[in-house]
Amino acid sequence: MTVKIIAPETTYGLRHEILRPHQPLDASVYPADHDADSLHLGAYIGEILVCVASFYAETSEIFDLPNQYRIRGMATSLQHRGKGAGSSLVQSATQRLRQRHASLLWCNARTGAADFYSKLGFIQSGDVFDLPPIGPHKLMYLSL
């Protein structure tokens, strides 16, 4: 398993296939994809891209901490789930974000992914909420 920095465009295929299959491809393009402080990572098994995630310098008003980052668009191919790609990618990201002096990593996790984040040390904040048209989510965070 190798985790590499990738171009935002490299994330779009898995984002669309896994997270937004019933929406147009442009729903997988996020406004901050090309911001200078954004970070996009891909986990590879050999030459095959199996997991992607993007990390944006974005502050949640819930937390009173400087230099926060948000995870968006984390997606692992169905046939490669359970092989450690997502965990490796998040661990690599936390190391890289600490080098950027980030204090907090947060996300709006789909309820089905909440256990994954919990196993990595993320904590839920608040109640489940709906993000139309995607569905129920939990705000989760990890202190860096």
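Which residues form one aromatic cluster? Phe116, Tyr117 and Phe122 do, and the legends below place this cluster among other local features. The structure is a predicted model, in which local features need pLDDT of at least 70 and side-chain atom pairs count only at pLDDT 80 or more, while totals for chains, interfaces and linings use all residues. Residues are numbered from 1 along each chain as its sequence is written, and side-chain values use heavy atoms, with hydrogens and water left out.

**View 1. Aromatic pairs.** Rings of Phe, Tyr and Trp (its six-membered ring) pair if their centres lie within 6.5 Å, with planes under 30 degrees apart counted as stacked, over 60 as edge-to-face and the rest as tilted. A search of the whole structure finds three aromatic pairs. One of them is the tilted pair of Phe63 and Tyr141, 4.9 Å centre to centre with 55° between the planes. This pair links distant parts of the chain, since Phe63 lies in the loop between β3 (48–57) and β4 (68–76) and Tyr141 in strand β7 (residues 135–143), 78 residues apart; helices (H or I, at least four residues) and strands (E, at least two) are DSSP runs, numbered from the N terminus. Phe63 counts as buried at 13% relative accessibility, where buried means under 20% relative accessible area, exposed over 50% and partly exposed in between (1.4 Å probe, protein chains only). Tyr117 and Phe122 form an edge-to-face pair, 5.2 Å centre to centre with 65° between the planes. Tyr117 is buried at 6% relative accessibility, and Phe122 is buried as well, at 4%.

**View 2. Charged ends over rings.** A charge sits over a ring if NZ of Lys or CZ of Arg is within 6 Å of the ring centre and within 35 degrees of the ring normal. The charged end of Lys4 sits over the ring of Tyr44, 4.6 Å from its centre, and that of Arg72 sits over the ring of Tyr30, 3.8 Å from its centre.

View 3. The expected span of a helix is 1.5 Å times one less than its number of residues. For the 12 residues of helix α1 (residues 8–19) this should be 16 Å, and the end C-alpha atoms are 15 Å apart, which agrees. Pro8, Thr11, Tyr12, Leu14, Arg15, Ile18 and Leu19 are buried in α1, and the buried residues of this helix pack against β2 (39–45), β3, β4 and β5 (104–110). An α-helix has 3.6 residues a turn, so residues three or four places apart point the same way. The 15 residues of α2 should span 21 Å, and the end C-alpha atoms of α2 are 21 Å apart, in agreement. Among the buried residues of α2 are Ala85, Leu89, Val90, Ala93 and Leu97.

**View 4. Nonpolar cores.** A nonpolar core is a set of buried Ala, Val, Leu, Ile, Met, Phe, Trp, Tyr and Cys residues joined through side-chain atoms within 4.5 Å. The largest such core has 25 residues, and those with the most contacts inside it are Phe55, Ile71, Met74, Leu89, Tyr117 and Phe122. Two or more residues come from each of β2, β3, β4, α2 (85–99), β5, α3 (114–119) and β7, with α2 giving the most, five residues. Leaving aside neighbours within four places in sequence, Ile71 is in contact (heavy atoms within 4.5 Å) with Ala53, Ser54, Phe55, Leu105, Trp106, Cys107, Tyr117 and Phe122. A second, separate core of 10 residues includes Ile18, Ala32, Tyr44 and Val52.

**View 5. Cysteines without a disulfide.** A disulfide is a pair of cysteine sulfur atoms within 2.5 Å, and by this rule the count comes to zero. The sulfur of Cys51 is 13 Å from the closest cysteine sulfur, in Cys107, which is too far for a bond. Cys51 is buried, with a relative accessible area of 0%, and Cys107 is buried at 2%.

**View 6. Backbone geometry in loops.** A cis peptide bond, with omega about -5°, joins Pro132 and Pro133, and Pro133 lies in the loop between β6 (123–131) and β7. Asn67, in the loop between β3 and β4, has a positive phi near 50° in a residue other than glycine, and Asn67 counts as partly exposed at 32% relative accessibility. His101, in the loop between α2 and β5, has a positive phi of about 65° although it is not a glycine, and His101 is exposed, with a relative accessible area of 65%.
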